[in-house]
Amino acid sequence: MPTKVGIIVFEVKKFSGWIFGSGKQEKWTQVLAYGKQKYYFYNPVLQNKKHIENLKTKLTDFQDIPFYSVLVFYGDCEFRNVRYIPDDTFLIKAHRVIEVVNKIIHENQPAKYKSKQDVVNVLSKAVENGKNQKIAQQHIKNIKNMVGDERIFN
């Protein structure tokens, strides 16, 4: 989402239960049934960081434009012992999206865009890619490969 202060990149997750993690860990933990069930998922901080890096490679004229990472969790989840969230990254529940976007816009200086239309074109292409089943499946495969669960044998 291009704004007057930079580009906000959202990563949206639907989870229930307790969420544990650190901005520095590769995996975060979802705990259900009061600790009886645990699931691991790729760190959304790192995931969105990778999305931003990919956008920057597509937006070569925007290397000096600030990017902000907003990790939105919806569903019945609670953050527990989540720490080390980097600068320009926000971990939020869905009902606080507008508040955080306003905070980003009001607490930062205007960005110097060469052409906002270039940003819109790249983001429009990304939306189209998200609708492409083959590209979406490859994205999921890439995430699973980064996590590497299928290569761990206990």
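**Exercise 1. Work out what share of the contacts between residues at least 6 apart in sequence joins residues at least 24 apart.**

Start with the term: a contact means heavy atoms within 4.5 Å. Now take the contacts in the protein chain between residues at least 6 apart; 58% of them join residues at least 24 apart.

A quick note on the model: it is predicted, so local features need pLDDT of at least 70 and side-chain atom pairs 80 or more, while totals for chains, interfaces and linings use all residues. Residues are numbered from 1 along each chain as its sequence is written, and side-chain values use heavy atoms, with hydrogens and water left out.

**Exercise 2. Find the buried residues of helix α2 and say what covers them.**

Step one: helices (H or I, at least four residues) and strands (E, at least two) are DSSP runs, numbered from the N terminus. Helix α2 takes in residues 97-106.

Step two: buried means under 20% relative accessible area, exposed over 50% (1.4 Å probe, protein chains only). In α2, Val 100, Val 101, Ile 104 and Ile 105 are buried. These residues sit on the same side of α2 because they cover an arc of only 135° around the axis, taken from the directions from the helix axis to the C-beta atoms.

Step three: the cover over them includes β1 (2-3), β2, β6 (67-74) and β8 (89-93).

**Exercise 3. Describe the fold pattern and how much is buried.**

Count 4 helices and 8 strands, then read along the sequence: β-β-β-β-β-α-β-β-β-α-α-α. Of the 154 residues, 35% count as buried.
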